[in-house]
Amino acid sequence: MSQHRPAKDVTARKIAKERDGYTCQICGSTERVEGHHLFEYSYENGASDPDNIITLCHECHLMVHHGNADITMF
Ligand SMILES: [Zn+2]
Ligand SMILES: [Zn+2]
């Protein structure tokens, strides 16, 4: 499996970050913010939607992926 990222997804991440003010939605940091998909690419078109992406800093993003942060409130 390649890690292909369609242009639509890049745009969706940008929209999501602007919506969140480039601020981590867990800790409020503005350092090294990244887009996280609430639902990963389990289905074809659902992931590339700003509603499916939240802005997280690098640290919180790692915690989410390691199962140490609860983002179900989003
Ligand atoms: Zn954070
Ligand atoms: Zn992620």
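**Zinc sites and salt bridges in the predicted model**

C57 is buried, at a relative accessible area of 4%, where buried means under 20% relative accessible area, exposed over 50%, and partly exposed in between, computed with a 1.4 Å probe on protein chains only. The structure is a predicted model, in which local features need pLDDT of at least 70 and side-chain atom pairs count only at pLDDT 80 or more, whereas totals for chains, interfaces and linings use all residues. Residues are numbered from 1 along each chain as its sequence is written, chains are lettered from A and ligands numbered from 1 in the order in which they are written, and side-chain values use heavy atoms, with hydrogens and water left out.

C57 contributes its SG atom to the zinc ion (ligand 1), together with the SG atoms of C24, C27 and C60, at 2.3 to 2.4 Å from the ion. Donors are N, O and S atoms within 2.8 Å of the metal (3.2 Å for Na, K and Ca); water is not among the atoms, so sites may look incomplete. The angles among the 4 donor atoms of ligand 1 run from 106 to 116°, and the site is tetrahedral. Four donors count as tetrahedral if all angles lie between 85 and 135 degrees. Along the chain, the donor residues of ligand 1 follow the spacing C-x2-C-x29-C-x2-C. C27 is located in the loop between α1 (7–19) and β1 (33–37) and C57 in strand β2 (residues 53–57), so this pair ties together parts that are 30 residues apart in sequence. Helices (H or I, at least four residues) and strands (E, at least two) are DSSP runs, numbered from the N terminus.

H36 belongs to strand β1 and H65 to helix α2 (residues 58–65), and the pair links distant parts of the chain, 29 residues apart. H36 is buried, with 5% relative accessible area, whereas H65 is partly exposed at 46%.

Side chains of opposite charge can pair when their charged atoms come close. The model holds 3 salt bridges, each defined as a side-chain nitrogen of Lys or Arg within 4 Å of a carboxyl oxygen of Asp or Glu. In one of them, D9 pairs with R13, and the closest N and O atoms are 3.0 Å apart. D9 and R13 are 4 residues apart in helix α1 and are therefore separated by about one helical turn; both residues are buried. K14 and E18 form another salt bridge, at 3.1 Å from N to O. K14 and E18 are likewise placed 4 residues apart in helix α1, about one helical turn. K14 is partly exposed at 49% relative accessible area, as is E18 at 44%. A further salt bridge joins the side chains of R19 and D20, with an N to O distance of 3.1 Å. D20 is buried, at 13% relative accessibility, and R19 is partly exposed, at 44%.

Terms used:
Tetrahedral: all angles 85-135°; square planar, octahedral: opposite > 155°, others 65-115°.
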